[in-house]
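The sequence and the structure come first, and the description follows.

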Amino acid sequence: MTHELSHAAVCRLLGIELQEVVLFQWPGSFTRDIVGRAYVSHEDVDSTFAVFGVAVAPLVLSTVGSLGGFLLARLLLFGALQPSNPSGLTLDRYVEALSGAPLQVSLPAMAALWLGASLAFTGFPSKTDLANVGRRLDRLATIRGSSKGLDYLLRHGRAELATFHTLGLGVVGLFGVGALLSVALDDLVFLLLLGAPVLLGEVAMGEVDRLPDRSVDQYNRLRRLSRDAYDGKTLSDEELAAVVGSLNDDDDRPIRELAVHCVYHVADGQPELLDDWHNELLTGAETEPSYRLRAAVLGALGEAADRVDDTERLAATSLSAVTSDHEDLVLQALPALMSVADDEHALVRERGTDLLGTLGRWDMADAGFLVVLSKAYAANTASRPSPSNPVGGDDEPDAAHAPTDKELVSRVVPPGGEPVVSAAFDRLDHTEWHLRSAAVEALGRLGESESPTAGAVARTLVRQLDDEEWRVVDEALNRLQKVEAAEPGATTLPTERVAELLDSDHELLRLGALHWLRTVAETDVDAVVPLVDAICVRLNDPEPGFRNKAALVLATVADEQPDAVLPVREALYDTLTDENRRARAHAALVLARLAEHSPAALLPELERLLQFAADDLSNGNLALVPAHLADEYPETVADSAAVLRPHLDSSTDATRVNATLLFSRLAETQPSVVQPSVPAIKRCLDDDNPKVRENAAETFDALATVRPDLAVDAHGELLALVSADTTAIREAAAGTVVSLAGSYPLLFEAHVGTLVSMLDDERLRNEGLVAIKAVHHGRLAQSSALTSE
């Protein structure tokens, strides 16, 4: 953490824009308890000083902190910062004086030693930091070649350099500067030279790639390629062919081991590179005699499992591995099997007994087995039988004999799945949270299909909302949302518990509750109404995405129960100034739906809303409020036209869509109000967004009936739109053309060909005939006038 904070601090100091700062990552999967690396991302810099400053920043800060830790350790161990050495500064007398001091070993002293050592080692620039500096210096020195420059030396000698740095700080901190001063110069040079062979050896190992002996050359080449893959370099097709071809080298296990590690690094960073090699990898996973290497190959296939075409073969290979006696092999095979369990559910069911027998053998694998089995038995749910004795209806049994939720779910799984249901229910009360979470996921998958057991699964998941581990509650919320989406009305909201989750300190729980509420609100809005106030509080959530999601839930409620949302309008007005654009947009959407369903309540606040619209041209939903009010209060809304005119030229699609919608509704009753905006609306006829073009065409259609003079200048664009791809646009444009042809028949005489083409469109045929007739009558009228003349 101090390492990454140092990078970030120097970026701030030098004015380098930070893009992302990650100090720590929790394990991403319960099947592989690996902590992700911390990192700092910043903009590209083209300054040697800046590159060097950012790279060595941790070295400065952590060196100071490390010395502090070692000095504290010396104080705690010896009771003094500097042992007395009256005899001079020779090394032997100094050590003698130090060793004569009473040693006081204690837990705080050990903690101080750990702090000093860990800060010293992790404060040393990382391989990436050294590579950045090395590449920069190599470029300045015009050095090229993977093993010729400072870049190579720094990166591949990093561990040794960091070790020397740590030991050096330990000597300075624990023995004092006096110990260093007492070392003769020739002794000091000798000590430094001890480390030189190690660093030179790193460079030499890269150079022996050129040795002519086949096995040595192959070994070193694979070693280099594995290192390159770990560093994220892209391997060529030829290099990948050499690596994959070495997987089946029966005579040389070290060769196979290097090839496996290289493949694993490629799959971890660039799985797409292995697209042409899946069959060869599967062969390696099937034939490799070493279970550890077989595990590594399966781990690589797990990283790229979603790209494997032969899912049946991958499933069969993984199933054979997960029933083995080697835990490493089981854990590495599980991710691949989890990825293909949906597609190969029949094969997994066929081997279900073998998998059930593994439950309880491996603590870390149990959760994965439950998920795999639930995927298999939840797939292809259309053929599930209905329960023979479902709960509900006229034949509902008395409470004493009603089936339990466990029995209900067991009745509808395909044959062989009952033990899976039983195992999942049994693990809901397990002491290990990751097994409870896996049980929740397993039951959730079984209840996500449309079946009479969705309610039973939902009730079980609701009970898990009281789990003491927040990650189990998060999984329950996630599965409840999916069950409700698949079977609307399956879940019953525990109002008080959901309100607690909305106020949780855990961000994922608040987000999960909001997701679930939105899904429930789409089918059972009455259940969500009691929670409107609690949802409204989330409009002030520290996380912008949560504020946005809360506004979306309120918009769903407002569509069905506007009266329930009207009392929280002030909170929505506050959200209209939110720094997050999406939160502002969805708060305006709530107000727009209130205007649509309760226009009288929003009309007095129109002027206030228009002020927000004038200040925020990116929030297109603000234009929806006057658009919905325009049907009943056109004269009152007329003043909105001037405010929303700039929205017609907004760079945001939604803004232009909603602004043109307002003008289309004002055009027929308030044409003079629309008149100043006609040029901008005309430009909208060529807009990239089809809905904008449609609204603009409808605006001119309305104008053409009451003020054709305002629409006639757009006749060329409207004629072009009668052949548009969208039916609604063609019909709106055709209606305008008919009205204008009646008012200006001679103007359309030159466009008779376009009018005739309308006859080929069944929907526009009538409008085309009317327009042609209008042009014909105009011609006759002109001819009659000339004859009279």
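## A starting point

In which helix does Arg-730 lie? Arg-730 belongs to helix H44, which covers residues 727-743. Helices here are DSSP runs of H or I with at least four residues, strands are runs of E with at least two, and both are numbered from the N terminus. Arg-730 is buried because its relative accessibility is 13%, where buried means under 20% relative accessible area, exposed means over 50%, and partly exposed lies in between (1.4 Å probe, protein chains only). Not counting residues up to four places away in sequence, Arg-730 touches Leu-721, Val-722, Ser-723, Ala-724, Asp-725, Asp-761 and Leu-764; a contact means heavy atoms within 4.5 Å.

## Basis of the description

This is a predicted model, in which local features need pLDDT of at least 70 and side-chain atom pairs count only at pLDDT 80 or more, while totals for chains, interfaces and linings use all residues. Residues are numbered from 1 along each chain as its sequence is written, and side-chain values use heavy atoms, with hydrogens and water left out.

## The chain as a whole

The secondary structure of the chain comprises 46 helices and two strands. The chain has 789 residues, of which 49% count as buried. Its accessible surface comes to about 37,400 Å², and carbon and sulfur atoms hold 53% of that surface. Accessible areas come from the Shrake-Rupley method with a 1.4 Å probe, and for residues only the protein chains shown count as cover.

Among contacts in the chain with a separation of 6 or more, 68% are between residues 24 or more positions apart. Phe-78, in helix H2 (residues 48-78), is 96 residues from Leu-174 in sequence, and the two C-alpha atoms are 9.7 Å apart. Phe-78 counts as buried because its relative accessibility is 17%. Leu-617 and Arg-656 are 39 residues apart in sequence, with 9.8 Å from C-alpha to C-alpha.

## The loop at Leu-617

Leu-617 is placed in the loop between helix H34 (606-615) and helix H35 (624-629). With a relative accessibility of 40%, Leu-617 counts as partly exposed. Apart from neighbours within four places in sequence, Leu-617 is in contact with Pro-646, His-647, Ser-650 and Thr-655.

## Salt bridges

A salt bridge is a side-chain nitrogen of Lys or Arg within 4 Å of a carboxyl oxygen of Asp or Glu. By this rule the count is 22 salt bridges. One of them joins Arg-479 to Glu-441, with the closest N and O atoms 3.5 Å apart. This pair links distant parts of the chain, since Arg-479 is in helix H24 (residues 470-486) and Glu-441 is in helix H22 (residues 433-447), 38 residues apart. Both residues are buried: Arg-479 has a relative accessibility of 5%, and Glu-441 has 11%.

Arg-479 also forms a salt bridge with Glu-475, at 2.9 Å between the closest N and O atoms. These two residues share helix H24 and lie four residues apart, about one turn of the helix. Glu-475 is buried, at a relative accessible area of 14%. A network of salt bridges links Glu-441, Arg-445, Glu-475 and Arg-479. Elsewhere, Arg-497 and Glu-500 meet in a salt bridge of 3.0 Å, N to O. Both are in helix H25 (residues 495-502), three residues apart, about one turn of the helix. Glu-500 is partly exposed, with a relative accessible area of 48%.

## A buried charge without a salt bridge

Glu-484 is also found in helix H24. Glu-484 is buried yet has no salt bridge, and Arg-459, the nearest side chain of opposite charge, is 11 Å away.

The side chain of Glu-484 makes a polar contact of 3.1 Å with that of Thr-523. A polar contact is a pair of N or O atoms within 3.5 Å; within protein, one must be able to donate a hydrogen and the other to accept it, and residues adjacent in sequence count only if both atoms are side-chain atoms. Leaving out residues up to four places away in sequence, the residues that Glu-484 touches include Trp-516, Thr-519 and Val-520.

Note on methods
Lys and Arg count as positive and Asp and Glu as negative; His and the chain ends are not counted.
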